[in-house]
Amino acid sequence: MNPFPVVLSAPSGGGKTTVTHRLMAQRKDLGYSISCTTRTPRVGEVNGTDYHFLAEPEFLARRERGEFAETAIVHGRWYGTLKSAVQVVLDSGKHVMMDIDVQGAAQFAVAYPGAVLVFVLPPSVEVLVERLMARQTESRAALRTRLQSARAELKEVDRYHYVVVNDQLDAAVERVKAIIDAEEVKRERVRSLDAQVAGLITRLDTELEGFAQD
Ligand code: ADP
Ligand code: 5GP
């Protein structure tokens with residue numbers, strides 16, 4: 001099986017992080033691409049686990065050196081996916097779960113045409129605001145910025161292959177699992193398909209000879 005990147009995007013508070021964590025806990029065939037960002041860590045976030053938290057000069061130097069598969073400024077801070085972070089997971093034979101914004105997803109899809117793009121939608125604006133406020137990670141001004149970005153992000157949904165509404169968490173996780181399972185057996189991804197089918201046809205021809213004179 002050829003592993004592939006699975007990109008999850010959503011407006012802030014849409015549930016990408018929660019869905020991704022839940023999926024990773026349930027499946028052994030998934031790895032996570034840890035992104036880089038210049039934003040400051042939230043309480044409880046760990047450098048090298050949640051993000052690589054970089055100072056802006058370092059981020060820009062690495063960008064200049066071509067280390068990123070994609071970069072974007074989101075809510076006023078730099079975010080980016082290291083090519084090496086994606087490759088390490090693919091080389092281990094696992095699909096790469098990625099939580100990136102709509103601008104980054106568009107760049108990434110060009111660099112990795114085999115990537116599966118999933119947009120996670122909140123069930124309603126009321127629920128989105130409620131969840132963001134309940135998370136208690138943002139100031140009121142930061143909340144406004146995130147909701148303004150949400151407006152622009154929602155308009156990009158057409159770029160995605162799949163849409164999952166994050167109403168009940170378990171159901172949303174099951175839907176993403178179903179997407180991964182279906183993508184694994186997509187014809188273009190099935191390894192050695194031509195050889196498999198040719199073998200079946202040869203065997204079928206032999207079998208048919210037995211029926212020829214009836
Ligand atoms: P994102 O990563 O898209 O910004 P999070 O995963 O941080 O969003 O989710 C935002 C908040 O909503 C978190 O506090 C999370 O626990 C909560 N949340 C996410 N999905 C659900 C859900 N299906 N039902 C209830 N709460 C949820
Ligand atoms: P947060 O700061 O809430 O963790 O993430 C803010 C936004 O940045 C989210 O939309 C998230 O998907 C996006 N993001 C996180 N990592 C990356 C990345 O590596 N690249 C891009 N383009 N966006 C990212």
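# Close-up views of a predicted model

**View 1. Four strands form an open sheet with mixed pairing.** The model shown here and in the other views is predicted. Across this sheet the strands follow the order E4-E3-E6-E5. Strand E4 (52-53) and strand E5 (68-74) are the edge strands, and each of them pairs on one side only. E5 and strand E6 (residues 77-82) are antiparallel and are paired over 6 bridges. Within this part of the sheet, Ala-72 lies opposite Tyr-79 in E6. Strands of a sheet are paired through backbone hydrogen bonds, in either a parallel or an antiparallel sense.

**View 2. The rings of Tyr-51 and Tyr-79 form an edge-to-face pair.** The structure has 6 aromatic pairs. In the pair of Tyr-51 and Tyr-79, the ring centres are 5.8 Å apart and the ring planes stand at 65°, so the pair is classed as edge-to-face.

**View 3. Five strands form an open sheet with parallel pairing.** The strand order is E2-E7-E1-E8-E9. At the edges are strand E2 (30-32) and strand E9 (162-165), each of which pairs on one side only. On average, neighbouring strands of this sheet are turned by 30° against each other, direction ignored. Strand E1 (residues 5-9) and strand E8 (residues 116-121) run parallel and are joined by 4 bridges. In this pairing, Ser-9 stands opposite Phe-119 in E8.

**View 4. Helices H1 and H7 cross at roughly 65°.** The axes of helix H1 (residues 16-26) and helix H7 (residues 169-184) come within 10 Å. The crossing angle of roughly 65° makes H1 roughly perpendicular to H7. The crossing is right-handed. On the H1 side, the residues in contact are Thr-18, Val-19, Arg-22, Leu-23 and Gln-26. On the H7 side, they are Leu-169, Asp-170, Ala-172, Val-173, Glu-174, Val-176 and Lys-177. Sorted by class, this contact has 6 nonpolar, 2 polar and 4 charged residues.

**View 5. Helices H5 and H6 cross at roughly 145°.** Helix H5 (residues 125-135) and helix H6 (residues 140-154) have axes that come within 11 Å. H5 passes H6 in a right-handed crossing. From H5, Leu-128, Val-129, Leu-132, Met-133 and Arg-135 take part in the contact. They meet Arg-140, Leu-143, Arg-146, Leu-147 and Ala-150 in H6. By class, the contact has 7 nonpolar, no polar and 3 charged residues.

Terms used:
Residues are numbered from 1 along each chain as its sequence is written. Chains are lettered from A and ligands numbered from 1 in the order in which they are written. This is a predicted model: local features need pLDDT of at least 70, side-chain atom pairs count only at pLDDT 80 or more; totals for chains, interfaces and linings use all residues. Side-chain values use heavy atoms; hydrogens and water are left out. Axes are lines fitted to C-alpha atoms, for helices over the stretch in contact, and angles run from 0 to 180 degrees between N-to-C directions. Helices (H or I, at least four residues) and strands (E, at least two) are DSSP runs, numbered from the N terminus. Angles under 35 degrees count as roughly parallel, over 145 as roughly antiparallel, 65 to 115 as roughly perpendicular and the rest as oblique. A crossing is left-handed if the near helix is turned anticlockwise from the far one by less than a right angle, and right-handed if clockwise. Contact means heavy atoms within 4.5 Å. Ala, Val, Leu, Ile, Met, Phe, Trp, Tyr, Cys and Pro count as nonpolar, Asp, Glu, Lys and Arg as charged, and the others, Gly among them, as polar. Two strands pair if DSSP finds at least two bridges between them. Rings of Phe, Tyr and Trp (its six-membered ring) pair if their centres lie within 6.5 Å; planes under 30 degrees apart count as stacked, over 60 as edge-to-face and the rest as tilted.
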